[in-house]
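Welcome! Let's walk through this structure together with a few questions and answers.

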Amino acid sequence: MAEPAKTPALTLTPTTPCGAMLPLRIGTLTLSEVDPGHLTAMAPRQGGALGAALSAAHGLDLPGPGRATGTDAARAIWFGRAHVLLMGPAPDPSLAAQAALTDISDGWAVVRLEGAGAAAVLARLTPIDLRPTVFPPGQTARTEVFHMQAAITRLADDAFLIMVFRSMSQTLVHDLRTAMEGVAARAGD
Amino acid sequence: MRITCPICGERDRREFYYQGDAVALRRPDPDDTPEDWDAYLHLRDNPAGVTRDLWYHEMGCGAWLVVTRNTVTHEVLGAVLASDAARGAA
Amino acid sequence: MRLARGGQIDRGQRIAFRFDGHRYEGFAGDTLASALLANDIRLVGRSFKYHRPRGILTAGSEEPNALVTLGQGAAQEPNLRATTLELAEGLAARSQNAWPSLGLDLLAINDLAAPFLSAGFYYKTFMWPRALWEKLYEPLIRRAAGLGALSGRANADRYARAFAHCDVLVIGAGPAGLMAALTAARAGADVILCDEDLRTGGRLNAEALELDGQPGADWAAGVTKDLAAMPNVRVMTRTTVTGAYDQGTYGALERASPAEAARPGAAQETFWNIVARRAILAAGALERPVAFRDNDRPGVMMAGAVRAYVNRWAVTPGQAVTVFGNNDDAHRTAADLLAAGVHVTALIDSRPDATTALDVPFYKGAQVCAAHGRKRLEAVSIATTSGIDKLRTDCLAMSGGWNPTVHLTCHMNGRPMWNPALASFTPTPGAIPGLTAAGACNGTMSTHGCLTEGARVAAEVLVDLGFKPADTTIPQAEDAPYRITPLWTVPGKGRAWLDFQNDVTVKDIKQAAQENFRSVEHMKRYTTQGMATDQGKNSNVAALAVLADATGRGIPETGTTTFRPPYAPVTIAAMGAGGQGAGFAPQRFTTSHRASIAAGAPMIEAGLWYRPSYFPKPGETTWRQSCDREVMMVRNAVGICDVSTLGKIDIKGPGAAQLLDFVYTNTFSTLPVGRVRYGLMLREDGHVMDDGTTARLGPDHFLMTTTTAAAGQVMRHLDFVHQGLRPDLDVSICSVTEHWAQCAVAGPKSRDLLNAILDAPIDDATFPFMACGPVMVQGVAGRLFRISFSGEQAYEIAVPARYGESLFKLLVGLAETMGGGAYGLEALNVLRIEKGFITHAEIHGRTTAFDIGMERMMSAKKDFIGKAAAARPGLVDPDREQLVGLKPVGAVKQLTAGAHLFDRAAEATRENDQGYVTSVGFSPTLDTFLGLAFLKQGRARHGEVVRMVDHLRGIEALCEVCDPVFFDKDGGRARG
């Protein structure tokens, strides 16, 4: 016989998309989970002035296609044809008049790949041109990471922010780990 | 194969989803004849040469594109946003 | 035999290896082929069809004979060329296609039966009786003829794929490629330089040539060192560019060095997609044999390969070497052998006007007409103007001239041009957009010519790309003219071999022509000339020449076969790299995944998602027991099901309601804020695309749900309708599927359960059926929807995904205290069948709103996607198959999905088909199997008994046709 069910504790506790899978250290490379704070998809309204509002409220420049602005504390990342992603702060209420705001804070797994060879790791997973002349720090792309829809932002020469849908975090870590091991095995050649 | 997305620049073919003839942008009016609707829905040319197709930058920026290409030489001659093409057609 | 001096090998580093079980030693820098020759191993394989003894013919990737198998078990890899295999400690290679052993191959009997085994033999002989083909003939032929075998087991080795981008891709690192790369790199272009060899230099490594007074190999090493030090250059050795594709995309296969391959996590091979603005093909040229009697004996080798073994690996393939050619280049072989102290038996040149200054017996205007010996060459016969001479020799270095390596230029349907001066084909300029050929692959044969052309072509490319080429100094090098008089075959009795790998002889080609396989493509398929791993790289041009002669045409008119990618074999593992096991497709896990696994739930795949099938309790031994319990639990108490996988799309903006009115058949602009409505979505062709509920969360804010399976398709569709048809609408479409974790809470006790966790309780008045709104769950902002896919009083509650796991555990824990618990997809399916709710089993792409009985949901007051087509007479024909319910009424009580329906008395044949079953399940609520089906004129046939026949499973059952809603027809339970 099963034990009689006990009333569970009435509380909700959060988990992160990657949890105990990260961080990973392989060779010169580290892969760690990023707590992005709030993620807000901002779709500029027709005739709106999101750029001015974003600058006034959050001190961020509105990024054009393929660009990301800001710092670790607050970023604005171009996020596709229709959206700019506000990463970090909760959106200032003044933005709502200029853009349709959608909270997607929990929708994405966000990881940081860092270290010598980071671009070589990503080159095994994404078809985009990662040459520093084409994709320097501050550049971002919506593309694929192996089979997954992804957003990749270059933070520094050897550091990338990689985002995929939350449900695919296990596959993301699997694919990145495999690529990191492959690149690490080249060291010394 | 590479397609130059008007927003993202040149990208690998695998980022795109292929739909079909760009005639889909010229939707008849509800009251148009059954023949018009039949042509819109079902009648397609199969040119050996230049063709205009709809592609969706699904893994990229999410834009629908009208891509002009040559089915014989595989040249990709250009791509414009479907939204621009639709506004132009209207 | 190893020479005492010279070679680009490290004599200080001995490497032990095995061939067919015997232990040998070579040096670092050896290939398996050079090490075998150093150990005086001549016989390395048996031929494909006749099992003739074969030796090493070449020193490169074009090798047709010396194919070996490496590895054991799952890692076994067949058909590797000994000529490109780097020797590594412990390497163990096995010969192929010989039984019981290489030395004594019993299937060599085929060679004696050769008169019967000529071209087309199989096609002609094994025609009849037809039944014997599959069981007898084919297995027999496959056993007798073939290359190495696969293990048949999954290979656990890793393979990778990767992408690279550059301004200039240089293919081949011989003199032309190195000069091109250097010129491009110095101008500041991003350069990728690929060579399939483990070191750069190309023929410079194989020849005794000097550049600027230093050995050619040293010059190449120096240039490569300079290139590798430049940040804009990537030198990729061990990398074969295998294909040229559209818009400057090239495929390349990189093999890991033995040291890298041995490290954990290393990829054995990497398949590269290289995107280059421009490419320079500097692939060199391949030497071709001359066809004469028994020219396939071990010891008969390409002259250029003999020079490579002598100069690069300090190995002489014979003690007494004879050189035979039709061009000046062959003479170098005799010179290099003499310089290395090897005895040269004779130099034979088929040209009557040939001359030599070398101190060797010289035959001009003579031809080797036969080779003697079986497992190794013992002598050759020479036809001179004065008769036949026989010379004792253990190695023949032959040269029929050089074929430029034009293959890549033909990958986009280009054809090469015949160049009579070279007696070979050269590339047609522009055949691959953005690719230019330089050096020997372009028909430029001297070292000086290659260096100059490499630099010149690079400079032209750079100007095109907007770079300013710097002045380049061309090193001093030989500039000897290349003179050749074609010699394809030597007349005489016996078999003269063209394609060594496929055992195609001159006679086979002539026979093909005789039997009217005159087109080169027909000849190829009839004789197998040019097939298999080497793709006829040595033999194609000579075979064309024989066909041209046999059909009375010139070679240019005869034309070439089509060269397709890949240039060299690419393992399937490399092509599909990363796609094995978990890499095959992304796995999508809900936030409740771990909790479901912990509860013992078997998971089933729903698209990329994994969802629990059922939650077994102690004592339950079949899935049906669990499923039945879970269904009754929902009907009588409360059940919890994670429904986060359904697509959720946030639609915002002043144009949101208009967009929804356009994509749904029914109207959403009239939906009040705080309410949910079921919507039906058609394709423009009038068939159902998807269904789901959409909630209005604010005046300009809707939340659409889609089915799990169609979430991606609906997103694509919405984007298309907005961008392509209604770009005027100011609306934002954003997927929030992954942001919200959502659970169904279903059953008569669902509200009680929710009120235990909500910060503010709800009741029927404030939260009636089809209401929605924000709620607080233990301090977390969530959303609540009163919708039901079970027919019970039910809700779906959503919280941000970070709380998803916690919410699921909390809900299930509370439900269990109330006589409920978690339910899986099996129970979900039974619950919805009992209610006649459809899924993609019913809206499978060929059904209309009319078919599923929802024609009244198609608004007459507005236009919507699919409206015009849905009204076409054929799509509302009363004779169409319409959705009905089925209940078994005969002796057999089982229904099966996929079974077909027939009139009770009719024969169960296609002509009598009346419809088919889409969904079935056993209903514990009603204690019977239930089915949903499409039946011709079904709505008018309620009460009729039809016959269900499942031809595949052999099941027949009589069924009563009824309304698809089996349970609680007026829907009181969901509202109450």
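**A helix, an interface and a chain**

Q: Why is helix H22 of chain C largely enclosed by the rest of the structure?
A: In this predicted model, helix H22 of chain C covers residues 825-835. It is largely enclosed because, of its eleven residues, the number that are buried is eight.

Q: Which residues of H22(C) are buried, and what does their cover include?
A: The buried residues are Glu826(C), Ala827(C), Leu828(C), Val830(C), Leu831(C), Ile833(C), Glu834(C) and Lys835(C). Their cover, all within chain C, includes helix H17 (623-636), strand E34 (639-642), strand E47 (915-923) and strand E48 (928-936).

Q: Which residue follows H22(C)?
A: The residue to look for has a positive phi, near 70 degrees.

Q: Which element supplies the largest share of the side of chain C that touches chain A?
A: In this contact, 54 residues of chain C meet 49 residues of chain A. Several elements of chain C each give at least two residues to that side, among them strand E8 (158-171), strand E15 (267-281) and helix H21 (804-817). The largest share, nine residues, belongs to H21(C).

Q: How many residues of the side of chain C that touches chain A are nonpolar?
A: Sorted by class, that side has 15 polar and 15 charged residues. The nonpolar residues number 24.

Q: What percentage of the residues in chain A is buried?
A: Chain A has three helices and eleven strands, and its C-alpha trace spans about 65 × 50 × 25 Å along its principal axes. Of its 189 residues, the buried ones make up 54%.

Definitions and conventions: Residues are numbered from 1 along each chain as its sequence is written. Chains are lettered from A and ligands numbered from 1 in the order in which they are written. This is a predicted model: local features need pLDDT of at least 70, side-chain atom pairs count only at pLDDT 80 or more; totals for chains, interfaces and linings use all residues. A residue is buried if 20 or more other C-beta atoms lie within 10 Å of its own, exposed if 12 or fewer, and partly exposed in between; C-beta atoms are placed from the backbone. Helices (H or I, at least four residues) and strands (E, at least two) are DSSP runs, numbered from the N terminus. Two residues are in contact if their C-beta atoms, placed from the backbone, lie within 7 Å. Ala, Val, Leu, Ile, Met, Phe, Trp, Tyr, Cys and Pro count as nonpolar, Asp, Glu, Lys and Arg as charged, and the others, Gly among them, as polar.
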